[in-house]
Amino acid sequence: MANYFQPEIETASREKIVEIQNEKIVKQVKHVYENVEYYRKLMDENGVKPEDIKSIDDIKKLPFLSKADLREAYPYGLLGTDLKNCVRIHSTSGTTGKRVVAFYTQADVDLWEDCCARAIVAAGGSKDDVCQVAYGYGLFTGGAGLHGGSHKVGCLTLPMSSGNTDRQIQFMMDLQATFLCCTPSYAAYIGETLAEKGYKPEDNKLKAGIFGAEPWTEEMRHQIEESLGIKAYDIYGLTESSGPGVAFECSAQSGMHINEDHFYAEVIDPETGETLPEGSKGELVFTSLDKEAFPLLRYRTRDICILSREKCSCGRTHVKMTKPMGRSDDMLIIRGVNVFPSQIETVLINEGYTPNYQIIVGRENNTDTLDINVELLPEQFSDKVSVIQSMEKSLAGAMRTMLGIGPKIHLVPSKSIVRSEGKAVRVIDNRKLHDMS
Ligand code: ADP
Ligand code: ZN
């Protein structure tokens, strides 16, 4: 049976959703124009006045905001309300450069936590659950978002934060956690550690996990589901639009519903900025329809995905986004070929390897080099050099088929690649270091 946290909104008719969006966008554009000097200037430069925005369709008239704008306006330039009305800040994890600081009023925190509560309920959560939150607490939005959502649902919340894996496992077992929330790479690590300690998947009481904040493949999902004996659900978000919970997966596990009453999504051509029709692959752009303190309009996420309005079996009516297919700035260009780390992960798991890997890109004699370190499971290890060499060759062949270029594979002993407790560092691009020097 489908369960919703806010059924009247989550299953609202399309007309109703558009009505909500029309009403909110008019108010929001006025609010931003009056309160955010940085954006008012942008609108003036583009010749748009708040009166020009009469419905959600008029949103195309507004200028985009980019991460560069956020950096330029740091720290207070995009604040939409007096600092006195703010109760919290969070900051990006700085995966791609200088951190962005986002502000929240109490109303902003409330709507964000509602979104996370919707995600927990969509994954089958209720007040009978024990929810272990192993996302980092602090400036990072992961811990705070799921913590707040778990409270709203009424779960017994275990505010573990990330790290200290032995203690995570002890609390998981002793306090019978039924939900686990963390990054997918940390979930994989917890699964691996449980197995090492001799636990079988059925020994824990977990039934579901909510994993996000970084890209992960379907193959990785299956591996986590098997190692923990759970259903693994995806959750998406970014600090700029609150944090996790902007979109979440339902029982259908085929894309994430975007909370359209709070976030209006568009997909654009990243080169031309043109809005693309439903079903096209492009860059996701978000407008916060009712956030007060950090009300970003048409913010370019750089995440590449496809939107779909196909009817969903869960009964939710909000638009779905595919898993982000990598950020536009995650994509590596190696010898002129576009390579996404997710393609490498897919090959590894299909070929029976662990998702413990590191991609090292370099440059020798003006040619790009691609090396991939891949950890072996203890049972895959062989002390015969010829066996290891032939495994490396075969994996390099599978990579070449997928990527179009052949990497050098290095099979390394179990546990030799540093495990991540938050977002995994998959790529070391030594070319960038050289460029900067
Ligand atoms: P940073 O940009 O420093 O990583 P955030 O912590 O706010 O800052 O991370 C937001 C980004 O994380 C998103 O723009 C997206 O690229 C990535 N992300 C978040 N959730 C997911 C997910 N479920 N799948 C893939 N990528 C995700
Ligand atoms: Zn659904």
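This is a predicted model: local features need pLDDT of at least 70, side-chain atom pairs count only at pLDDT 80 or more; totals for chains, interfaces and linings use all residues.
Is E218 buried, partly exposed or exposed?

Residues are numbered from 1 along each chain as its sequence is written, chains are lettered from A and ligands numbered from 1 in the order in which they are written, and side-chain values use heavy atoms, with hydrogens and water left out.

Let me begin with a sheet. Four strands form an open sheet in the order β18-β17-β16-β19, and their pairing is mixed. Strands here are DSSP runs of E with at least two residues, helices are runs of H or I with at least four, and both are numbered from the N terminus; two strands pair if DSSP finds at least two bridges between them. At the edges are β18 (408–412) and β19 (427–429), each of which pairs on one side only. From one strand to the next the twist averages 20°, where axes are lines fitted to C-alpha atoms, for helices over the stretch in contact, and angles run from 0 to 180 degrees between N-to-C directions.

Within this sheet, β16 (residues 357–364) and β17 (residues 367–375) run antiparallel and are joined by eight bridges, and one residue to look at is I360, whose bridge partner in β17 is D371. Helix α10 (residues 341–350) packs on the sheet, where it touches β16, β17 and β19, and its direction makes about 125° with that of β16; contact means heavy atoms within 4.5 Å. Another helix, α11 (residues 385–403), lies across β17 and β18 and runs at about 135° to β18.

Now to the charged side chains. Side chains of opposite charge can pair when their charged atoms come close. A salt bridge is counted when a side-chain nitrogen of Lys or Arg is within 4 Å of a carboxyl oxygen of Asp or Glu, and a search of the whole structure finds 28 of them.

Here is the residue from my opening question: E218 forms a salt bridge with R221, with the closest N and O atoms 2.9 Å apart. The two are separated by about one helical turn, because they stand three residues apart in helix α9 (residues 218–228). E218 is partly exposed, at 34% relative accessibility, whereas R221 is buried, at 2%; by the cut-offs used, buried means under 20% relative accessible area, exposed means over 50%, and partly exposed is in between, with a 1.4 Å probe and protein chains only.

K30 is partly exposed at 46%, and E34 is exposed at 51%.

On a 1 Å grid over the protein atoms alone, a cavity is a set of points where a 1.4 Å probe fits but cannot get out, a pocket is an open set with protein on both sides within 12 Å along at least five of seven lines, and lining residues have an atom within 4 Å of a point. Grid points are joined across faces, edges and corners, and a volume is the space filled by probe spheres set on the points.

The structure holds one cavity of 30 Å³ or more, and the largest cavity has a volume of about 50 Å³. Among the residues that line it are Y74, P75 and F294. The second largest pocket has a volume of about 470 Å³, and of its 26 lining residues the closest to its centre are G191, E192, A195, T354 and L377. Helix α8 gives the largest share of that lining, six residues.

I will finish with the backbone. Most residues other than glycine have a negative phi, and most peptide bonds are trans. The bond from Y74 to P75 is cis, with omega near -5°, and P75 lies in the loop between α4 (67–72) and β1 (86–91).
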